[in-house]
Amino acid sequence: KDIIEGSINYQEFLLRESDFRGYPKGIIYYISAMETWLHGESPILSLQYEENLMKIKSALNTDYFERLIDKYILNNNHCSLLILKPEPGLGIKHNQALEEKLRKYKEGLSPEEIQKIIKNTKELRIRQEAEDSEETLKTIPMLELKDVSPEAEKLPMVVREEEKIKILYSNVFTNKIGYINLLFNTKHIPEELIQYTRLLGNLLSKINTENYSYEEIVNMININTGGISFSVSSTVERNNHSSFNPLFIIKGKALIDKLPELTRLILEIINHSVFTEKDRILNIIREEKSKLENTIYNSGNAIASLKVLSYLSSKGVYDEKVRGFSYYKFLCDLEDNYEERYSDIVSKLSLIKDEIFNLNALTISYTVEEEHYNSIKDMAKSFAEGLSKSEINPCDYSFVPKADNEGLTTEAKIQYVAKG
């Protein structure tokens, strides 16, 4: 039941947020409307979900889903078993087979047919590389300078205060979802421990707490929220680019009536997570290392850009240490020396966990309609009561930008170059 409830909650967030990952929302809505309209149904049928969601949620109190599973999965005689079995060298075999097929095809062609193919290929290449005529180019709709507003978009943000916590509030239509970002300034974390702040973000919600296993934490997040994430970032001061603020960011979202549970889960994770699962922590380190390796191979431009920016500013140095190739090397070192360094890793993680989540370092960003703004008051009260209030003393980081002009070699067939 918990897994089903979590899946329903996930689908509800997809419907309410309508986040189509960069695709225009209107176009997606039009396509959805056609799916029913073309078959004689109402074009807005696929856009109506409130009533259906209520029916699905009420089915949790019956055996509806169990009967579906029994009928369409367990006792369904119409099924197929597909096995994907890797075969070493299969790509080479396919290439050889294609070469042989093309060789035989060419042998069956007359000299005239071969020359015709060569001629057609040259003509196609010339056509592809030829510039379009002025007449053709004028048929393309173009924006003029007057069509673009010279004013930068202004975010609907106002600064408020609740429980002595600065609240950056945005009054935006969110379709009954509350979005909260907890921004912890980590300038008081010693320079030698800043990479452990990123590691802490990698671990939180994926390890046990004093009261729950990590599996239970994941289930509760899925059932009650649209997700909770932990990350590190940094910002520069508006009129002083030589100074920056490192941040540990907790992002969470939930339906308005589930915001108290979102708050409870965040406090449970940041106050009561334990680092006692030695093998689990090592596996997460390996997973994060693997993700960074994929980034290096598939998005090398991002890694190269971080490295170049580290040549230009102290903020760039910090960002590269916690997000770039330096962090990858940090993870490699932890993995290679994990057995002898495990106790030290746990000690440092415990130390920075207690240091980071401090009320005196907290700013909250909250986005919801004005009619639901009061929901932040209870959340702010919970954070004020549940976080440390010890004094914090900012550190003086000695990040000095240095242009090393480095190069990395990988097995990727794409070359990424960044210059700044």
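Isoleucine 73 lies in helix 4 (residues 64–74); helices (H or I, at least four residues) and strands (E, at least two) are DSSP runs, numbered from the N terminus. This is a predicted model, in which local features need pLDDT of at least 70, side-chain atom pairs count only at pLDDT 80 or more, and totals for chains, interfaces and linings use all residues. Residues are numbered from 1 along each chain as its sequence is written, and side-chain values use heavy atoms, with hydrogens and water left out.

**Helix 4 surface**
- Isoleucine 73 is exposed, with a relative accessible area of 58% (buried means under 20%, exposed over 50%, partly exposed in between; 1.4 Å probe, protein chains only).

**Strand 2 and its partners**
- Of the 7 residues of strand 2 (residues 165–171), 5 are buried, so the strand is largely enclosed by the rest of the structure.
- Strand 1 (residues 157–162) pairs with strand 2 in the antiparallel sense over 6 bridges; pairing requires at least two DSSP bridges between two strands.
- Valine 159 has leucine 168 of strand 2 as its bridge partner.
- The hairpin of strand 1 and strand 2 has 2 residues between the strands, and glutamate 163 there takes a positive phi near 55°.
- Strand 2 also pairs with strand 6 (residues 362–368), in the parallel sense over 6 bridges.
- Threonine 367 in strand 6 stands opposite serine 170.

**Loop between strand 2 and strand 3**
- Most residues other than glycine have a negative phi.
- Asparagine 175, in the loop between strand 2 and strand 3 (177–185), has a positive phi near 60° and is buried, with a relative accessible area of 15%.
- Lysine 176, in the loop between strand 2 and strand 3, has a positive phi near 70° and is partly exposed at 46% relative accessible area.
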